[in-house]
Amino acid sequence: MGKTIKENWNSIISKKLKEGTKIKDLAHRYQDDIVIEPNVMSIDIVNVKQILSQKECVSMAAITQGNDIQKNKSALLALSQGANGLSIAINQADDLDIIFKNILTEYIDVVLTVDNNNNEAQKWLKNCQLTNVRIVSNSEIITIVQDMPLSIIGHNIAAIDNKKHVVIEVYIGKNILFEIAKLRAIRIICDKGGYSITVVAKYLIDGHNELGDYNLIEKTYKVYSAIIGGADVIVTDYKGDEESRLALNIYNVLDLESGIKTVFDPTAGAYYIEKLTTEIINKIENY
């Protein structure tokens, strides 16, 4: 039989590579034994039809420390420094009226994270007049850490009760292409399963201060991965310092400079991303 189009292209490229290097030598090996060749073609995704449900991404400042007065101060400062949402951890001692003093929730998105036994917060929210505020308990959160095996992700998704809304926290790793594809895969699987979810992207910084601006660079490509991958929320740990202000505004600068939110799911149809997304979906679904 004659060679396929892909085989012909591989032969041509291999001849132009140095010292007899072949296409397979340039294949990228991701976690869970996923291997993707660099020259993915349309023929590789001919049967792929992946559609993400469209949602707008929100940049939230996470406020976890201090008493109710300090949390109110931090929340107001974060909003003035670029946040368009708040994630506030509360406990039984917090006065929620104090926390929300002068905060206009009708213009932002707010999440209160509580322990499983905090019924007072539920009562307060039911009786107050604030809009755009929702409560999430620990039992409603699935956490996906960096480099978590896809089989475990699959097990966690399969355990979701489709009668309940679930928050999936995904800690973004360093590999931009893999993280974009992984977020897309999670969203596609959950949409297909009819699950009601919110995908929250979080990130830790592995860089070192002696590398100058490396920390800011790492934050930038992780935030970029989250937006492109279709996260509903990006959470920045907010401490009220200059580093927190810069981190919050990564989202805003990307949006203003590139219009990154103008096109939803911009990598849809990109052969390499679609192929990688499909491989991740198969690994997750066949755990």
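Ile168 touches Ile142, Ile144, Ile160, Ile186, Cys190, Ile197, Thr198, Val199 and Val200, with residues up to four places away in sequence not counted. The model is predicted. Ile168 is also among the residues that touch the most other members of the largest nonpolar core, a set of 48 residues.

**Nonpolar cores**

- In the largest nonpolar core, the residues that touch the most other members are Ile157, Ile168, Ile234, Leu276 and Ile280.
- Two or more residues of this core come from each of the following: strands S7 (141-144), S8 (165-172) and S9 (196-203), and helices H5, H6, H7 (214-229), H8 (242-258) and H9.
- Helix H6 supplies the largest share of this core, nine residues.
- Another core, of 24 residues, lies apart from it; Leu86, Ile103, Val114 and Ala121 are among its members.
- In soluble globular proteins, nonpolar side chains tend to be buried together.

**Packing of H5 against H9**

- Helix H5 (residues 150-158) packs on helix H9 (residues 271-285) at an angle of about 65 degrees, and their axes are 7 Å apart.
- The crossing of H5 past H9 is right-handed.
- On the H5 side, Leu150, Ile153, Gly154 and Ile157 take part, and they meet Ile280, Lys283 and Ile284 of H9.
- By class, five nonpolar residues, one polar residue and one charged residue form this contact.
- Ile157 of H5 and Ile280 of H9, both part of this contact, are also among the residues that touch the most other members of the largest nonpolar core.

**Arg184 in H6**

- Arg184 belongs to helix H6 (residues 176-193).
- Arg184 counts as buried because its relative accessibility is 0%, and buried means under 20%.
- The side chain of Arg184 makes a polar contact of 2.9 Å with the side chain of Thr277.
- Beyond its neighbours within four places in sequence, Arg184 is in contact with Gln50, Leu52, Gly229, Asp265, Thr267, Ala268, Ile273, Glu274 and Thr277.

**Leu77 in H2**

- Leu77 lies in helix H2 (residues 68-80).
- With a relative accessibility of 34%, Leu77 counts as partly exposed, because that class lies between the 20% and 50% limits.
- Leaving aside neighbours within four places in sequence, Leu77 is in contact with Tyr238 and Gly240.
- Leu77 and Arg245 are separated by 168 residues in sequence, while their C-alpha atoms are 9.4 Å apart in space.

Notes
Residues numbered from 1 in each chain as written. Predicted model: local features only at pLDDT ≥ 70, side-chain atom pairs only at ≥ 80, totals over all residues. Heavy atoms only, no water. Helix = DSSP H or I, 4+ residues; strand = E, 2+ residues; numbered from the N terminus. Buried < 20%, exposed > 50% of the residue type's maximum accessible area, 1.4 Å probe, protein only. Polar contact = N/O pair within 3.5 Å; in protein donor to acceptor, adjacent residues only side chain to side chain. Contact = heavy atoms within 4.5 Å. Axes fitted to C-alpha atoms, helices over the stretch in contact; angles between N-to-C directions. Left-handed = near helix turned anticlockwise from the far one by under 90°. Nonpolar A, V, L, I, M, F, W, Y, C, P; charged D, E, K, R; others polar. Core = buried A, V, L, I, M, F, W, Y, C linked by side-chain atoms within 4.5 Å.
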